[in-house]
Amino acid sequence: MAEFQGVDFLRLDDDLLDDDEKIARDTVREWVSNEFLPVVQTHVRQDGSFPMELVPRLAELGLFGANLQGYGCAGMNNVAYGLVMQELERGDSGLRSFASVQGALCMYPIHAFGSDEQKDRWLPPMAAGEAIGCFGLTEPDFGSFAQGMRTRAEKRGEEWVLNGTKRWITNGTVSDVAVIWARTEDGIRGFLVEPDRPGFESRDIKGKFSLRASVTSELYLKDVEVPDEGRLPKAEGMKGPLSCLTQARYGIAWGALGAAMACFEEVVEYSRERIVQGGPLAGKQLTQAKLADMLTEITKAQLLALRVAQIKDQGKLHHAMVSMAKRNNVDIALEVARKARDLLGANGIVDDYAAMRHMMNLETVRTYEGTHDIHTLILGKEITGMAAL
Ligand SMILES: Cc1cc2nc3c(=O)[nH]c(=O)nc-3n(C[C@H](O)[C@H](O)[C@H](O)COP(=O)(O)OP(=O)(O)OC[C@H]3O[C@@H](n4cnc5c(N)ncnc54)[C@H](O)[C@@H]3O)c2cc1C
């Protein structure tokens, strides 16, 4: 396989990325080419599984909680973090999702809202890939409107008793700890629940066309007792889960770029070699129009992601900026993947080519972490001051 080059039409590498950022990106790029891409087809073809044997290597590369400080985390800046998310999703959205859930949705809330004991107990093994986390917010009847959740936590003496169902939970059946968001008398609170607690069950969701190289589960909690030390003490109300989502959505804005770049590079190479009507597909005007659109959209999305990264590193990030980046970058990535699939013709429907796998994955990425529409409404509120949600 030729080494992946990425897209750098406006020469970000020359002036806008420093050496550490480029090294982080290139290290993950090489790892994805050498160790992930050779196995992804098997996991997608089989009944949807994640290559768990790669977890120790992901940890060694510092990819779990990569932008967090301390506790064995890599402490990357947000540009480097974004670039490594890009490279992971160039492999597959399932690979980036694994790192996002572990880092942004589980390690981040423990880091931001946990007690010292919780941080000491969970963050080092999670950074080392020795403990896996999942994030339980969505329920069968409450996705976009998660604050409607029915899962309840009641205080009985020193224990909390949790009841409810969480659905569409990435890594639910392979986790050592679940961050469960539940309604209490005082509003929404977060709990660290270990799956071996009596009353806790998890089951995988089968039949997915999208994100097949990722475990997606349903969690059932029936009178699950969690000691008060298992509650995240500093998480109060929906601000808790929403701030985790902002972290994960930030990573997605970069990750989607990786999926788009993979499709773009694949189809440029293919169109040079595919002969139609006496000449390469790449030489036809309609092909060039599609490729020009793809390159332009990827480049605009790169600049958007990079600027959001700089603002995040300055501590001035507003969640609506992340909404714009997630909404736009996933949208253009999906469009790039669809155009690439189209240009590949019939070959585009088989998994010898990556475009359709990315396209199907990106349908999930468009839906999870705030649907495209929900981010539209977040931006609408920012523009008008009126909440349409
Ligand atoms: C593979 C996968 C992995 C996931 N992993 C996790 C995870 O780890 N943890 C977790 O908690 N969740 C996870 N999710 C759940 C995901 O976040 C939800 O699917 C998402 O929030 C959307 O919720 P929903 O599916 O219930 O769709 P709905 O909220 O029912 O939305 C359906 C449609 O209605 C639109 N809509 C909703 N509200 C409005 C409105 N007010 N106005 C106009 N249109 C509206 C939406 O944009 C969408 O088009 C995952 C989902 C998938 C598919």
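Figure 1. A salt bridge is defined here as a side-chain nitrogen of Lys or Arg within 4 Å of a carboxyl oxygen of Asp or Glu. In this predicted model, local features need pLDDT of at least 70 and side-chain atom pairs count only at pLDDT 80 or more, whereas totals for chains, interfaces and linings use all residues. Residues are numbered from 1 along each chain as its sequence is written, and side-chain values use heavy atoms, with hydrogens and water left out. Arg57 and Glu60 form such a salt bridge, their closest N and O atoms being 2.7 Å apart. Helices (H or I, at least four residues) and strands (E, at least two) are DSSP runs, numbered from the N terminus. Is each partner buried or exposed, or does its value fall in between? Buried means under 20% relative accessible area, exposed means over 50%, and partly exposed covers the values in between (1.4 Å probe, protein chains only). Arg57 counts as partly exposed because its relative accessibility is 27%, and Glu60 counts as exposed because its value is 61%.

**Figure 2. Further salt bridges of the model****.** Side chains of opposite charge can pair when their charged atoms come close. A search of the whole structure finds 19 salt bridges. In one of them, Lys290 pairs with Asp342, with 3.0 Å between the closest N and O atoms. This pair links distant parts of the chain, for Lys290 lies in helix α8 (residues 285–313) and Asp342 in helix α9, 52 residues apart. Lys290 is partly exposed, with a relative accessible area of 26%, and Asp342 is partly exposed, with 40%. Asp228 and Arg231 also meet through their side chains in a salt bridge, at 3.5 Å from N to O. Asp228 is partly exposed, its relative accessible area being 23%. A network of salt bridges links Asp13, Arg25 and Asp26.

**Figure 3. The largest pocket and its lining****.** On a 1 Å grid over the protein atoms alone, a pocket is an open set of points with protein on both sides within 12 Å along at least five of seven lines, while a cavity is a set of points where a 1.4 Å probe fits but cannot get out; lining residues have an atom within 4 Å of a point. Grid points are joined across faces, edges and corners, and a volume is the space filled by probe spheres set on the points. The volume of the largest pocket is about 1,200 Å³. Its lining consists of 44 residues, of which Gly143, Leu245, Arg249, Glu369 and Gly370 lie nearest the centre. Two or more lining residues come from each of α5 (93–113), β3 (159–170), α7 (239–273), α9 (319–343), α10 and α11 (372–384). Which element gives the most to this lining? Helix α7 does, with six residues. By class, the lining of the largest pocket has 19 nonpolar, 17 polar and eight charged residues. Ala, Val, Leu, Ile, Met, Phe, Trp, Tyr, Cys and Pro count as nonpolar, Asp, Glu, Lys and Arg as charged, and the others, Gly among them, as polar.

Figure 4. The largest cavity contains about 80 Å³ of space, and residues that line it include Asp47, Gly48, Asp204, Lys208 and Thr216. Its lining divides into two nonpolar, four polar and five charged residues. The second largest cavity contains about 40 Å³ of space. Among the residues that line the second largest cavity are Val44, Asp92, Phe209, Arg357 and Asn361. Helix α10 (residues 355–367) supplies the largest share of that lining, three residues. The lining of the second largest cavity comprises five nonpolar, two polar and three charged residues.

**Figure 5. A nonpolar surface patch****.** Phe9, Leu10, Leu16 and Leu303 make a nonpolar surface patch of about 380 Å². Patches are made of residues with over 30% relative accessible area and no salt bridge: like charges are joined within 9 Å, and nonpolar side chains (Val, Leu, Ile, Met, Phe, Trp, Tyr) within 5 Å. Accessible areas come from the Shrake-Rupley method with a 1.4 Å probe; for residues, only the protein chains shown count as cover. Leu10 lies in the segment before α1 (12–15), and it counts as partly exposed because its relative accessibility is 46%.
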